[in-house]
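Here is a short report on one predicted model.

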Amino acid sequence: MSEREEMASDGSLNVTLTLRLLMHGKEVGSIIGKKGETVKKMREESRARINISEGSSPERIVTITGPTEGIFRAFSMIAQKFEEDITAAMANSNVTSNPPVTLRLVFPGSQCGSLIGKGGSKIKEIRETTGAQVQVAGDMLPDSTERAVTISGTPQAITQCVRHICSIMLECPPKGATIPYRPKAILAGAHAVLAQQHSAPAFALPGQYAFAHQDVSVFISMTDSSFFCTTLPTPTSPNDPFS
């Protein structure tokens, strides 16, 4: 484990990060809460800036910016909220155990090799250390140079996984310019990216979850003096009175 990864694990890594989460309207509504109370609480307790985009696409981008620990706190609170939603949805089900929370992080394709590691060694280490399931898609997201990295597990496992992944991405800056993924309006007969199954993973560990439990994705980019980062503007949602 590298020095940055150790710092990420014990909470001493403190740089400014920007995470972008891609969600459907239902997930956005869960994050905002009644009269905006949920997102207000997340902002106050995490001390991170949380903004929700608007547009004609059924997919919305939630941007979280702040110091490392504030980012991880906000991330943890969102994952916990989704876990609560899953538990509530499964309350009257005969299924004995709930499916895990699933988030999709998006990284520049040039950095995915560092995340995977030689022969999959790094991604395997992250999985074993955090207990989260990790899969890297082989295809770029539409009109971008970014790939989806799917993480499944408990909120605690996912948060620890993000800590390790962030440290790796800080150590290995992207090469060349990154074209970020931008959700577009869906035409008749088309399908949202969140509903697509990326069938060509660059590296998948055994035991991946096949249950389509949750349409939630996370876009993560990092801002640090050590490398270039592009952050897209995220106008405030009219449903979010606290931006």
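Beyond its neighbours within four places in sequence, Ser57 is in contact (heavy atoms within 4.5 Å) with Pro183, Lys184 and Ala185. Ser57 sits in the loop between β2 (49-52) and β3 (59-67). Strands here are DSSP runs of E, at least two residues, and helices are runs of H or I, at least four, numbered from the N terminus. Ser57 counts as buried because its relative accessibility is 11%; buried means under 20% relative accessible area with a 1.4 Å probe, protein chains only.

| Backbone atom | Distance to a polar side-chain atom of Ser57 |
|---|---|
| Glu59 nitrogen | 3.1 Å |
| Lys184 oxygen | 3.1 Å |

Now the helices. The axes of α3 (residues 37-46) and α4 (residues 68-89) come within 9 Å and cross at roughly 150°. Axes are lines fitted to C-alpha atoms over the stretch in contact, with angles from 0 to 180 degrees between N-to-C directions. From α3, Thr38, Lys41, Met42, Glu45 and Ser46 make the contact; from α4, Gly70, Arg73, Ala74, Met77, Ile78 and Lys81 do. By class, that is four nonpolar, three polar and four charged residues.

How confident is the model? The mean pLDDT of the protein is 75, and 71% of its residues reach 70 or more. pLDDT is the predictor's confidence in each residue, from 0 to 100. Over residues 195-243 the pLDDT is below 50. Where pLDDT is low, the predicted coordinates should not be read in detail.

Residues are numbered from 1 along each chain as its sequence is written, and side-chain values use heavy atoms, without hydrogens or water. In this predicted model, local features need pLDDT of at least 70 and side-chain atom pairs 80 or more, while totals for chains, interfaces and linings use all residues.

Note on methods:
Buried means under 20% relative accessible area, exposed over 50%, partly exposed in between (1.4 Å probe, protein chains only). A polar contact is a pair of N or O atoms within 3.5 Å; within protein, one must be able to donate a hydrogen and the other to accept it, and residues adjacent in sequence count only if both atoms are side-chain atoms. Ala, Val, Leu, Ile, Met, Phe, Trp, Tyr, Cys and Pro count as nonpolar, Asp, Glu, Lys and Arg as charged, and the others, Gly among them, as polar.
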